[in-house]
Amino acid sequence: MRYRTLAGALLLLLSIVVVPRAQAWHLPRGHHGHAPVLLAAPRPDAPPPVERDLRNQTDVLHYDLTLEINFSGRSLTGSNTMTVRSLTDGLTTFYFRLHDVFTIDALTIDETPVDFAWLDEANVEVTLDRPYDADEEFALRVEYHGSPQQGLGYGGIYISRDRAFSLSQPWFAYTWWPAKDDVEDKTTAELHFIVPDDMTVASNGVLQSATPVGTGRLEYYWFTDYQTADYLYCFGAAAYNTFSDVWTDHGYALPLEYYIFPESDTSAHRAAWLQANEMMSTFTSLYGLYPFVMEKYGMYQFSNVYFSGMEHQTMTGMMGFEESTIAHELAHQWWGNYVTCASWHDIWLNEGFATYSEALWEQYKPGSTGWPALHAAMAERRPAPSLGTVYIYDISDYERIFDYNLSYLKAAWVLHMLRHEVGYQGFWNVLGTHRGLHEAGTATTEEFRLTAEAATGRDLSGFFDGWIYGRGRPRYEVAWRGFELEGQQYVSLYLRQVRNAVFPSLFTLTLDVVASADGAVSQHQVYNDAEVEHFLIPTEGTEPVDSLEIDPDEWILRYPIEWAGEFVEGPPKVIATTPVPGEELPMDTVMALEVVFHKDVVVSAEQLTLNGPDGAVEFDFAYDSQRFAAQITLAEPLAWGDYELVVSDAVVDQAAGLTLDGELEAPQKSALFPSGDGEPGGALELPFTIIGPLGDLNCDGYVNFDDIDGFVLALVDPDAYAAAWPECDYIRADANGDGAVNFDDINGFAALLAD
């Protein structure tokens with residue numbers, strides 16, 4: 001749904017006005033609304049559904065609704081048969097919603113009257129005819145009539161002399177038909193609408209028939225076999241002009257059906273709506289096949305002035321012909337309809353996805369410039385700074401649920417940033433996995449987070465904590481300094497997130513850094529997950545860096561970068577080691593080790609430890625203050641086995657006394673060196689292995705006749721060899737060096753023994 005709220009007081013005032021014809025309250029172009037300016041007027045504080053634990057006791061399977069619309073009297077007469085399955089033993093009550101302006105004429109189960117009570121103006125409690133155990137079903141029929149509320153407001157039903165429309169999001173289905181109205185309980189439905197025979201009815205699913213039912217009346221019968229949330233059922237009745245198209249792809253021929261007011265029926269307006277065909281292809285390529293391909297996609301007009309819409313499943317209600325709105329509502333068929341937010345706390349999963357789809361359409365539509373078009377579209381959708389959160393903690397406020405700045409724009413930016421955070425392929429893996437896990441159902445924010453983490457192998461809790469559950473946006477303060485060390489150019493970058501009581505959230509994400517030096521451009525990424533961090537970046541070229549940009553493509557929803565001015569000194573980091581981490585070295589060759597820092601440090605032998613198979617290894621220590629290198633000299637070569645050199649973070653730099661930032665592994669670290677996670681503290685742990693010679697099958701460091709049994713076992717049964725010598729690798733039997741252990745190695749092994 002494309003939406004923007006008006007001032008609450010104005011809406012309350014306008015909600016009591018009776019509007020004889022379809023009218024609209026204009027908003028500036030670029031601010032989007034749904035039918036608050038058009039449809040019936042339940043109060044914004046209308047009672048929501050009953051508590052979750054009561055609704056969770058039943059599963060509504062199917063609705064069979066018949067609704068006759070009296071245009072002259074602006075009233076409704078109807079019935080709805082709900083097929084319900086019990087999810088618990090001993091079920092004696094069922095809850096549905098209907099506005100108490102209606103009279104319930106009959107309430108029956110298998111034609112047997114049952115008792116009911118109004119809990120408030122919207123919720124009805126039914127006493128069932130008997131207790132029902134789990135998996136038992138009953139068919140509850142509600143017959144009712146009355147005159148629904150009329151006027152401007154947030155949603156519901158609108159009836160004029162010659163037009164009628166519904167809009168139920170989020171919980172206003174009760175204003176025109178009896179239903180459970182639980183976003184997590186999806187159903188199929190048969191929908192019958194009786195109207196004058198000069199009118200046409202648009203609704204969900206596939207039109208089965210339009211049958212005369214007495215003088216001057218037609219009954220339109222629509223049916224959908226797809227699981228549908230109650231708020232996505234709809235109808236529009238008017239003297240429509242109709243036209244159609246067919247989308248063909250993946251072996252399907254999908255009907256595209258359009259219902260337009262005669263006064264709006266122009267070639268330009270038709271052309272605008274017909275863009276849905278190309279959009280269908282684009283979104284199918286991005287999100288997977290259109291979810292309701294066995295039925296249709298349609299659009300019907302429910303205002304001839306306003307330019308917004310509502311994504312009713314398979315049949316979008318449109319107020320105009322704006323391209324981005326057409327894309328927005330179509331994208332909802334995937335995100336909002338097929339996969340629906342599990343509660344209104346999670347509405348961003350509907351509206352953020354659809355809003356970002358507007359930008360994706362700009363990126364991928366025919367003739368697009370691609371990435372520039374995407375970034376331009378997102379710049380147009382940049383939200384204003386806000387103290388609110390994308391996740392909605394309090395859903396009692398209707399305007400808060402559909403806050404355009406947060407639930408739409410900032411939510412779209414969250415997806416945009418997530419795309420950058422997890423990478424191009426990772427992002428599409430996330431969406432594909434999300435659809436696969438929750439298709440035809442619902443999802444919560446936490447379920448989406450877990451899906452994203454599973455699809456990317458990333459811990460994204462920090463990203464979600466800041467951007468979804470937290471407030472505000474980051475404000476970055478940076479400073480940098482370039483220098484050369486042993487022929488390599490570097491940039492030392494200071495990065496601070498400026499936090500305060502107004503915007504306290506910490507935003508965890510990856511930032512692009514582009515450094516330029518005499519025409520040589522270096523592109524890097526740094527992972528910012530702390531308030532203050534220091535990064536060391538190797539750069540291209542032989543000249544010092546002369547300019548540095550942070551997030552140049554503006555992937556991040558942030559304030560303008562602020563330069564700190566004076567450089568802020570950071571902790572020392574390790575830029576090279578000998579041996580390199582994980583290296584395997586021949587026995588009897590290692591007599592020295594070295595650790596090179598990026599700046600002058602205070603280091604001593606007591607801050608270094610070399611551990612091997614037999615414990616600590618003694619060594620002599622020296623520090624080269626010209627190269628910033630700690631050097632270890634051994635009394636004798638290292639024997640076979642696994643070793644680890646540990647440099648304690650008690651090492652500090654001469655300039656500021658900051659402790660070593662020595663971790664080789666850190667979140668989103670793309671290379672071992674330079675070391676560190678951006679913050680002072682963290683020891684360097686350097687593992688390496690000394691290996692015996694080829695043919696040493698028992699790993700004693702020598703090749704002799706004691707290795708014959710191991711060689712034979714490696715040839716005939718590698719698993720048995722691994723069990724006998726778990727510390728060894730049977731590939732040592734590859735005496736001819738062809739990468740495989742087989743009988744071709746016998747001569748080579750014999751030569752090793754004889755040497």
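This is a predicted model: local features need pLDDT of at least 70, side-chain atom pairs count only at pLDDT 80 or more; totals for chains, interfaces and linings use all residues.

Trainee: Thanks! With that in hand, how are α6 and α7 oriented to each other?

Mentor: Helix α6 covers residues 348-364 and helix α7 covers residues 371-380, and they pack at an angle of about 150 degrees, with axes 7 Å apart. The cut-off lies at 145 degrees. The two helices, α6 and α7, are therefore roughly antiparallel.

Trainee: Is their crossing left-handed or right-handed, and what classes of residue make up the contact of α6 with α7?

Mentor: The crossing of α6 and α7 is right-handed. On the α6 side, the contact is made by Tyr356, Ala359, Leu360, Glu362 and Gln363, and on the α7 side by Trp371, Ala373, Leu374, Ala377 and Met378. Sorted by class, this contact of α6 with α7 has eight nonpolar, one polar and one charged residues.

Trainee: Now for another pair: how are α9 and α10 oriented to each other?

Mentor: Helix α9 (residues 404-422) packs with helix α10 (residues 424-438) at an angle of about 120 degrees, and their axes are 6 Å apart. Roughly perpendicular pairs run from 65 to 115 degrees, and roughly antiparallel ones are over 145. So α9 and α10 are oblique to each other.

Trainee: Which residues make that contact, and how do they sort by class?

Mentor: The crossing of α9 and α10 is right-handed. From α9 come Leu415, Leu418, Arg419 and Val422, and from α10 come Tyr424, Gly426, Phe427 and Trp428. By class, the contact of α9 with α10 has six nonpolar, one polar and one charged residues.

Trainee: What about α4 and α5: how are they oriented to each other?

Mentor: Here helix α4 (residues 276-287) and helix α5 (residues 323-332) pack at an angle of about 50 degrees, with axes 10 Å apart. Angles under 35 degrees count as roughly parallel, and the perpendicular range begins at 65. That is why α4 and α5 are oblique to each other.

Trainee: How many charged residues does the contact of α4 with α5 have?

Mentor: Ala276, Met279, Met280 and Phe283 of α4 meet Glu323, Ile326, Ala327, Leu330 and Ala331 of α5. By class, the contact of α4 with α5 has eight nonpolar residues, no polar ones and one charged.

Trainee: Moving to the pockets, which element gives the most to the lining of the largest pocket?

Mentor: The largest pocket has a volume of about 520 Å³. Its lining has 26 residues, with Gln525, Val526, Gln668, Lys669 and Ser670 nearest the centre. The elements giving two or more residues to this lining are β26 (520-528) and β27 (532-538). With five residues, the element that gives the most is β27.

Trainee: What is the value of omega for the cis bond between Phe673 and Pro674?

Mentor: Pro674 is found in the loop between β39 (652-653) and β40 (684-691). The cis peptide bond that joins Phe673 and Pro674 has an omega of about -5 degrees.

Technical notes:
Residues are numbered from 1 along each chain as its sequence is written. Side-chain values use heavy atoms; hydrogens and water are left out. Axes are lines fitted to C-alpha atoms, for helices over the stretch in contact, and angles run from 0 to 180 degrees between N-to-C directions. Helices (H or I, at least four residues) and strands (E, at least two) are DSSP runs, numbered from the N terminus. Contact means heavy atoms within 4.5 Å. Ala, Val, Leu, Ile, Met, Phe, Trp, Tyr, Cys and Pro count as nonpolar, Asp, Glu, Lys and Arg as charged, and the others, Gly among them, as polar. On a 1 Å grid over the protein atoms alone, a cavity is a set of points where a 1.4 Å probe fits but cannot get out, and a pocket is an open set with protein on both sides within 12 Å along at least five of seven lines; lining residues have an atom within 4 Å of a point. Grid points are joined across faces, edges and corners, and a volume is the space filled by probe spheres set on the points. A crossing is left-handed if the near helix is turned anticlockwise from the far one by less than a right angle, and right-handed if clockwise.
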